[in-house]
Amino acid sequence: MPSSAIGIPERTNGHADNLNRTVSNSFNELSPSPTATFQSPPSSYGGQQRTSAKTLKPFHTQDIKVLLLENVNKTGQDILKKQGYQIETLKSSLAEDELIEKIKGVHVIGIRSKTQLTAKVLKHAKNLIVIGCFCIGTNQVDLKYAAENGICVFNSPFSNSRSVAEQMIGTIIALARQIGDRNNELHQGVWNKVSAGCWEVRGKTLGIVGYGHVGSQLSVLAEAMGMRVIYYDVVNLMSLGTSAQMPTLEALLNQADFVTLHVPEIPETINLISTQQLEQMKTGAYLLNASRGTIVDIPALVSAMQARKLAGAALDVFPNEPAGNGPKFTNDLNSWTDDLRNLNNIILTPHIGGSTEEAQAAIGIEVADALVNYVNFGTTAGAVNMPEVTLRSLTIDEPNHVRVIYIHRNVPGVLRKVNEILGDHNVDKQMTDSRGDVAYLMADISNVNTSQIKDLYQSLEDLGSRIWTRVLY
Ligand SMILES: NC(=O)c1ccc[n+]([C@@H]2O[C@H](COP(=O)([O-])OP(=O)(O)OC[C@H]3O[C@@H](n4cnc5c(N)ncnc54)[C@H](O)[C@@H]3O)[C@@H](O)[C@H]2O)c1
Ligand SMILES: O=C(O)[C@H](O)COP(=O)(O)O
């Protein structure tokens, strides 16, 4: 529904009916002197009078605008729709200029690994309060910029880990037996029954780089097939089964028959595997990457494959990936695409490690629940860029109770000033925490009547440390 049809201009405020409870939310612009936005419970909930001052906008759950990109699963869509939010869904990601246009009016955006939410894009997201990454990776979002502008980010930390690990098991066997090449040949009508260069995986060494959710799950599955597992991680971790942590990446590369990458994309992991590391691998070993495309220097990999240093490779991820499905995996996207396509025993998959029915359904529920809890209650449990703050029970549906959420710069003296303001009322519960430069305060206060809410809100907004204020009631 266009915003004009529901009477909310640029900014939004909301009231959400969740879990049979009425909650109202105030969302405010990122600009330093925002127009205040408040709301009262709608008349259908107790007949209280709506706030109607010039700068105050009545707000309902259905005023919340949600943009879901990249084919977010129906499970997630249904949870958000049930809240009454306005949902727009697109199957693919958007180019930067289209994204900038679309993001201007929304309060919530749901994405997967492809959509790039850079500072440049987020600067236009004046109403955005929360980002849901319906995936594991969050490298596509400028997390710091988001936090510093009061935009909370959630992801799904492990709901697709098993799917990725299973795909890696299948791929390891497919590489060892050259199944991809035999399959391609037979599709061309060529019968090529060979055993040379084809191996069992039993007894071979699997080297896992990044022993987190995916890597450790893969470790367990690989040992069940009789593989010896070694791993390298920057953190000292408990080894599962009989796996062993290696002191350096080089030590792992020297010993592994199969090297598989499961690290996040961060500055330290870009081109983690380049010419030098490929030289450190055993001749005839295999390389698998299902983490992010930038972790492997692909021209270096092409050279290693052409020189027969490696016996095979599998890539599920690429530095540039198409926005949507179709015949788009060409040199226009990445200049070396044809080189990759022309190599033998290289398995190329379109970023499907986490693409199973089970994983997508679970991610949909997990992330949508986190979004609803944030929008309706301000709860940041599980956030990847904000302190995790929640209060033990909700009392804001009781008369004269409000929940204050105050996202602010983490500088000395703020709490004293905030509590001077809240101190005019009765603070039932309060929690505050900080993460880097940003702090998040949540307080449930009672003894506040509706006429005082505007002053309460404005006093908090006037503090120099303010990033974003919300008053829920
Ligand atoms: N292909 C897919 O569909 C797919 C699906 C899920 C996840 N992923 C990608 O895989 C990555 C890993 O997923 P996860 O859930 O296991 O993440 P995770 O955060 O649970 O684990 C990552 C591990 O990598 C380690 N690490 C970080 N930097 C390192 C370095 N320089 N060297 C060695 N280890 C390092 C961390 O300490 C951590 O233990 C995600 O960040 C995501 O980008 C891809
Ligand atoms: O980060 C992830 O979870 C994976 O890369 C999967 O991403 P996708 O949801 O875009 O398939």
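Good morning. What we have is a predicted model, in which local features need pLDDT of at least 70, side-chain atom pairs count only at pLDDT 80 or more, and totals for chains, interfaces and linings use all residues. Residues are numbered from 1 along each chain as its sequence is written, while chains are lettered from A and ligands numbered from 1 in the order in which they are written.

I begin with ligand 1. A residue is near a molecule if its C-beta atom, placed from the backbone, lies within 6 Å of it. There are 30 residues around ligand 1, and those that come nearest are G137, G210, G212, V214 and G353. Helix 6 (161–176) and helix 8 (213–224) are the elements that give two or more residues to this shell; helices here are DSSP runs of H or I with at least four residues, strands are runs of E with at least two, and both are numbered from the N terminus. Helix 8 provides the largest share, 3 residues. By type, the shell holds 12 nonpolar, 13 polar and 5 charged residues, where Ala, Val, Leu, Ile, Met, Phe, Trp, Tyr, Cys and Pro count as nonpolar, Asp, Glu, Lys and Arg as charged, and the others, Gly among them, as polar.

Next, the strands. Two strands pair if DSSP finds at least two bridges between them. An open sheet of 7 strands shows parallel pairing in the order 10-9-8-11-12-13-14. Its edge strands, each pairing on one side only, are strand 10 (244–245) and strand 14 (346–348). Within the sheet, strand 8 (205–209) and strand 9 (228–232) run parallel and are joined by 5 bridges, with I208 opposite Y231 of strand 9.

Strand 15 (402–409) runs antiparallel to strand 17 (438–446), with 8 bridges, and H408 has A439 as its bridge partner there. Strand 15 is also antiparallel to strand 18 (466–472), with 6 bridges; in strand 18, I405 is partnered by R470.

Finally, two loop residues. N71, in the loop between strand 3 (65–68) and helix 2 (74–82), has a positive phi near 60° although it is not glycine. N71 counts as partly exposed because it has 18 C-beta neighbours inside 10 Å. Q178 lies between helix 6 and helix 7 (179–187), and its phi is near 55°. Q178 has 22 such neighbours inside 10 Å and therefore counts as buried.

Definitions and conventions
Buried ≥ 20, exposed ≤ 12 C-beta atoms within 10 Å, placed from the backbone.
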